[in-house]
Structure formats: structure tokens, C-alpha cells
Amino acid sequence: MPVDAIHTHAPSAGSTARNRDLLDYLGEGVICIDKLGVITYANGAAAGMLGERPDTVRGRLLHTVIYSMLPDGSSVSEEVCPVYAALQPDREILNQDEVFWRADGTVFPVEYSAVPMDVGGHNDGAVVTFRDVSERKEVELLLRESEEKTRLIIENALDAILSIDADGLIAGWNSQATRIFGYTPEQALGKPVHELIFPLRHRNGYHRGLAKLLADGDAGVIERRLRVRASGASGREFPVEISMTPFRSRGALNFSAFIRDITEQRSAELNLRRAKEEAEAASLAKSEFLANMSHEIRTPLTAIIGFGESLLDESTSDADKRDAVRSVIQNGKHLLAIINDILDLSKIEADRLEVEFIAVNTLDLLDAVGGLMERQAAAKDLELRIVPIWPLPQTLQSDPTRLRQILLNLLSNAIKFTEKGTIWLLASCEPSANCVQFSVVDQGIGIAADKLDSLFDAFTQADTSTTRKYGGTGLGLTISSRLAKRLGGELQVESLLGSGSLFICNVDAGHLESVPMLTEKPVAPKTAGSDGPSKSKRIKGRILVAEDNPSNQKLVSMYLKRLGANFVVVENGVLAVEEALANDYDLILMDMQMPEMSGIEATELLRMSGNVTPILGLTANAMKVDLERFRDAGAEEVLLKPIDLPIFNATLARYLPEGSSKEQENAQLHDDPLYRQLQQDFLRWLPGAIGGMEEAMATSNWGTLRDLAHQTKGSAGNFGFSALAQAAADLEDTVRAGRYKDLTGPLTLLKTRQQQVSIR
Amino acid sequence: MKVQLTTAVLVAEDDSRQRDFFVGILRHLGFTHIDHAPNGQRALALFREHEYGLVFLDIEMPNLNGIEALHHMFEHRPETNIVMVSAHSTVDNVKTAIKEGAKGFIVKPYSIAKVEGVLKKVLGV
């Protein structure tokens, strides 16, 4: 050791030269000072570190060389110089945290020792050895910084970070761990990890896993994220995600555990999964529904096409043809019902169903519903009883169409599912609740208890085989239930399999205080079904039909013929206006969508012209706005296509009551003496006019011929001689066309017509 | 419908038989004050002298046709109820008449129903 060497040999003169050379090779700085602190020797390393040369430091006071100032710049007096303390006997100085000054005024950290030199029992100065520890200090600083960083990361982490020692005890516990588990570091450190943070029931399992992990470093948990149950100080159990990484500390296997509370994430996941499952179920239900619907739509279509084709087959007997037609009608109606239901439901689903609240006559409603269902019930030999339970309000505020739709649906279901017995429709009222209740009771097959809950759900049917057997869309109850809600009430069901069902529909009836309450059926009651659709009255009057579609033309023509009506068909709005203005009609059936001019436009123009003939609009477009536009244009009523025959007949009967057609009005005019006078005048004038025409023809006086024909046409029309008017018109047209050679025919015809008129 | 109608009516129609028939209908319906003219010129002259609640103008007339007469009459008394009459029921005719301000349009041959409809609309009877 150099220090020992110095200690023993350095001061002795003579043999020291070699030692001093050796010291020059030493990495540490060595400086010898005398009793006064004057440098007697400095080796190369010492001079180098201080930025001097050995010969320039020798002879100077050590204190001034190395301790001129403290690092902060303040001066230090010689009296307190720590190195000089070594000049006292038996004082060894060992200092590890000092700085020395270089010649250029910079500092460097040193570790030094100062040892008194004891030569021959008396103090002979001291030896100072030192080394530059800049690098070590740097490393220490970096290490401290790094540790601080790591500590901050761990402390600020959102995950609980634990370190677990080789015995399975907790050795590290960050603040998030405190937050998640509720234990302070003091409570947690040193405890077995499996006991502290896992629920009792899982402890043994985790303990075994931990033991295996600690023994061989792997229990299937390393570098994986595991989801386990954890528990904290509060006893609450919660899901965590845990990942473990091993590290070696003093040869032993330790672990870091990163633990994250995933309660929220887990519930979000569960919600998401639930939503996904629900969406999938709904989508599946809709697909099934669509598949079912397309089957339901195809079935009647197949029948319609098949029976339709059989009608064209020559070999089909008349009886079979009639059956075929009946089937076509039946299936067409069924198809229409399906489409209506789908549209209704989709409107309800989209919350776009329009309802109106107007005064509905309670008994009329019951009668109407009864009248419509009676035949259906009778066809199955069922009795339909409509029982008003008094008192009942005379009117209720509701949507009559929707209310009727609900009741018809419930009744038609009841009839469908009942083989024999009675169907009841009961109506009762709870005035204080402003509520009217309709109950439909049947003695049918009933509904199984487990099917009742989903009975009103869209897209789920009690049993698809039911639909197959009994027909219907399976949507009726869904629609009825939604409609009841829109009418401020609800639809409820009670049923016993094999015994029958009870459907109760409550609806909000509006304020009933001001409505008269009926306590019995009014005198001269309407009897349900007496005005049945089967008996269509014959109607009188002329009807103009404006309809562009040939099939619809044929259909309407057929209906009108059956009613014994007198009608003319035109195929667009322009012709409708011209025809309606030119001739007298008692009623106009006007299709809404037509080429040239729409029914709405034609109606408007007719009304502007002062034509007041009632107009019944016909449209396949059930949108309320369209119906209103039609009415605003001047149509009295708008009927929906496809035409519902009973409604069609009833409406026509309303507008064409027997005994008030325009023919009769004209007949009344014809009795007017004034009219008779004018008519006689015309008939007296006519022979002269015809004579004039013959003469004009003979003299080729075409202008006169044309004017006489024209006058004859107008007056003949006025007096109801339409054949004569037509003949005169033909003659006029022929003259106007310049076909003078062809005039004989029309003129002869005109003369014949004149004779007929005269005879009459 | 048979009511005493006090409204003064003017009928312009060149065909005397048609005119007589039409006047007959108006009488039948209850009008008592009915003037008539065989052409537009004469109708306009009457119009300037009297105040009519209702005027029927045949479109096809010599010496000032119906539409021309209508223009002059509206210049004189724009609020007059004028109903056009024509043997031709083309929609274009009807549209033109309405556009010019006519309150109604009658297509010949005249009939009670046609006249009644127009009266309902124009006079509210």
C-alpha cells in the first residue's frame, strides 16, 4: 500500500528518491505537507488533478491550493482547514464528500485522507492522498434520478404495483394499491400476498399457484394477463386483471404484480355483450319474421295465380270457375290484410301512426263492429253477443277507426279460435276514470300460460304453426296492443288453455263529465247487421268514372252494373273535367293518380267552374295528407283502394239516394209550363229548319247549313232529344270537315230523328 | 229549388233559341229580372246602363266575343260575377276563363243542374 509506504518511508531522506518515482506512477494524488502546511511533495497524479505541475505546487500552502473557497464561493480560513487538522498528533482525516479546487478555478469532488507523519516520535507534517470521484458522483446522481423516476412511475401508476418476495410476502405496495385494496403500505408490507388481496374461497388455489410460481418461476401466469377475483379491506369482491413479471434479487426469485381493477370495464363489457345479444336476437326475430311474412305473402299469391290460370282453362267447369273466383277473392283479401298489418305495424314502430280524437258514438261503434263480424260468426255457427253494460257514455273521445280496428281484430281472433259456443263483446265504463272498457270473451282453444307474456310482442308469435293453421299475420294482437296504448289505454289478456280467452281493452274516453250517460238502449235501436253488406241496394243516377287503369275500370264498372247504375268511364283528368262539364252527372268517382291531369287537379278545376256534383275520390295512397289534399280540392269523400265493396256500396247509396237524381230534377223542369212552351216552340221551328238545311245543301250554302245544324244540336240537347242532337252534331261536323259529298247520310238521319221527336 | 231571386241577371248568347231556353231555365229557377243580348257589343251596352249581380257570357259570339266582353266589364266593375258559357268544354277553355276571373263555366247544352251548381257557387243559393 502506498500510504503505508509513505507512512513508513516517505519522509526519510536518501532512500526516498526511488519511492518518489514510484509514487509518480500512482493513480491517486499524494501530497506531503510539513508542520506548517507547506507542500513538500506532490506526485504527478496530485499535480495533474489540481491542474498544476509538481514543481509549481511545492512550497505553497496546501490550504490555499485546494481550499481557497467552498463550492458556493465563500472563503475558508486556514484555522478551520480540515486537512490541517491532520497536523495534530493521532488525527487521521478521512473525508468522502469534499471538493478541491483546480488551478483554473473549477472544482472537482474528491475522496481524501490525511494522515499525520510521525517521524521518530514527533510530528513531522502529514500525507494527504486523494482521488477524483467525479465519475462515481455522476453515476450516483443518475442512479438517484433513475430511482426517483421509477418511484414516481410506480406511485403514479393507475395500476396497483406490488412486489412480492421469494417467500410470497408483499415487499412493495404503491399508492394505487392502497386505493384499490384499501390497505396502507404499513398494513400491507410483509403480509402474504394471497391472504391479503384474494377472497377467502380462492385463497388456497392462489396460494398453491403462488408456491409453484415461486418454486419454478412459472405457473402459467408469467407474461400473461389473468382475470381473477380480488377483495380488499372493505370485503368487497371485484374483478381484477393481474400480470406478473419475475425478477431476481440477490439470487432469489421475486415478482412484480400489476393489478388493475376492471369493475367498470367488466360491466361495460357485459352491457356491450348484452346489447349485442339483444341486437342479434332482434335481428334474428326480424329475419324469421320476414321469412314467415314472405311465406305468408307467397301462399295467397300462389293461390291467386293458380286459380286465375284455371279460369282461362277451357276445360274448367262453370262451378269450378265460380269456386276459383271465390278463392281468388278470398286470397286477395287475405293478402291485403297481411300488407295492411305490416304497414300498420311499421308505422307504429316508427311512431308515425296518426290518431285523431273525435267524438265516437259508443252504441254506433258497437253496432258497426257487431254488424261487420256477425256474418263471420254465423259462418261458423257461433253466436255473437254484444252486451252494453249500463251506464255507458253516449260518446267517447277517441279515434273511431283505430278503436274499431282493435275490436274487429279481437272479435275476429275470438271467432277464429272458437269452434262452438258464444263470443261476447262487453262494453262498460268507469266514468270517474274517464275510461271505457271493451272485453271480448270467447270459448275457444285458449292460450298456454307460457305464451301469454310474449303474446303482444312484435315479431314473436305464440306459435308459427298457429298461423299456418288459422291464418292471419300473427300481427293483429301486436298492433291492437300498440293501438290501445296510443288511445291512452292498454290491452290485457287472461286465458286458460282449452277454456277460452278474455281480452280487455281499456281506452281513454276523454272528459266524461259533460257527456250524457245512457242507462238503456235508446228507443228504435239500430239492430246490428240488419244493414248487412250482402244486400246492395240499387241506385239511381248517372255516374262519371275517371280511372286510368283498365283493370280498375273493369272492376268499378262491374260494381256499378251490379248496382244498376248508369255510368260513363273516362281515362284521365282532362276528359273527366270536359265530360263532367258537358253533361249532367249525379256523382263522379275520381281516381287520384291519372295521366294528363290528376284527380285532385280535375276536382279543383271542376269546383272552380261552379260544378257541384259530388266527387268521391279513389286512391291507393292512404297517407293522411293526400286524403286531405283531395278533400281540400273539393272531393266530398275519399275512398281507399282496393275498394271495400260494402263501404263502396254504402257510400254510393248515400250520395245517390233514390228519388233525387238529376234526371228527376229535369223531369220536374219538363213539367214546368214555361219549359213545355219552349219545347213546343222548338218542335214547331224544327221542320222549317230542316227545310232550310235541305235548301242550303242544294245551293251549296255551307255556312247556313252549318249554322242551322248547330242551332238544332244546341236546342235538341236542351230539350232532352239527345238522338236528334247527336244527328245534328254529325251533320255540323261533316260540314265543318268540308266533306260535302257525305252530307246526305247525316241529313237523312236527322230527318228520321225529327220524325221520332214529332211522334213523341 | 225555386226561390225568388232579386239579383239582376244579364245573358249574352247569339243563338236565339239557346238564349230563350237559358232564360227559361233562369225563370224556372226563380229569377225575375233577366236581360239578354245577342252579342258582346249589346251586352256591354246593357252592362254600362244597369247593375247586374250576375252575367252569363257565351264565349263564341259575333261583335265582341265573351272573353273580350269580360275584359271590358271587369274594367268597368271588377267585382262583377261573370260566368262563361261555351259549347266547347275543352280544359284549356275552362282554364283560360278561370284565369281571366270568371266565377264559373257552363258547357252547353244548358241544364238546370249546371246552372244550379254555378248559382250555388257564385251566389251561395
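Start at Ala546 of chain A: its bridge partner in β22(A) is Met590(A). The model is a predicted one. Strand β20 of chain A covers residues 542–546, and β22 of chain A covers residues 587–591. The two strands run parallel, and four bridges join them.

Now step back to the whole sheet. Five strands of chain A make it up, in the order β21-β20-β22-β23-β24. The sheet is open, and its pairing is parallel. Its edges are β21 (566–570) and β24 (637–640) of chain A, each of which pairs on one side only. From one strand to the next, the twist averages 20 degrees.

Helices lie across this sheet. Helix α18 of chain A, residues 550–562, lies across β20, β21 and β22 of chain A. Its direction makes about 170 degrees with β21(A). Helix α21 of chain A, residues 624–633, lies across β22, β23 (615–619) and β24 of chain A. Here the angle, taken to β24(A), is about 145 degrees.

Tyr559(A) lies in α18 of chain A and Phe648(A) in α22 (residues 645–655) of chain A, so the pair ties together parts that are 89 residues apart in sequence.

The crossing of α19(A) and α20(A) is right-handed. On the α19(A) side, the contact uses Gly573(A), Val577(A), Ala580(A) and Leu581(A). These meet Ala602(A), Leu605(A) and Leu606(A) in α20(A). By class, the contact of α19(A) with α20(A) has six nonpolar residues, one polar and no charged.

Go back along chain A to another sheet. It is open and has five strands, in the order β2-β1-β5-β4-β3 of chain A. Its pairing is antiparallel. The edge strands are β2 (39–42) and β3 (93–101) of chain A, each pairing on one side only. Neighbouring strands are turned by 30 degrees against each other on average, direction ignored. Within this sheet, β4 (residues 107–119) and β5 (residues 122–132) of chain A pair over nine bridges. Glu111(A) stands opposite Arg131(A) in β5(A). Helix α6 of chain A, residues 134–156, packs on the sheet and touches β3, β4 and β5 of chain A. The direction of α6 makes about 130 degrees with that of β4(A).

Finish in chain B. Helix α2 (residues 40–49) of chain B packs with helix α3 (residues 66–76) of chain B at about 15 degrees, with axes 10 Å apart. That makes α2(B) roughly parallel to α3(B). The crossing of the two is right-handed. From α2(B) come Gly40(B), Ala43(B), Leu44(B), Phe47(B) and Arg48(B). They meet Ala69(B), His72(B), Met73(B) and His76(B) in α3(B). The contact of α2(B) with α3(B) has five nonpolar, three polar and one charged residues.

Key:
Residues numbered from 1 in each chain as written. Chains lettered and ligands numbered in written order. Predicted model: local features only at pLDDT ≥ 70, side-chain atom pairs only at ≥ 80, totals over all residues. Heavy atoms only, no water. Axes fitted to C-alpha atoms, helices over the stretch in contact; angles between N-to-C directions. Parallel < 35°, antiparallel > 145°, perpendicular 65-115°, else oblique. Left-handed = near helix turned anticlockwise from the far one by under 90°. Contact = heavy atoms within 4.5 Å. Nonpolar A, V, L, I, M, F, W, Y, C, P; charged D, E, K, R; others polar. Pairing = 2+ DSSP bridges.
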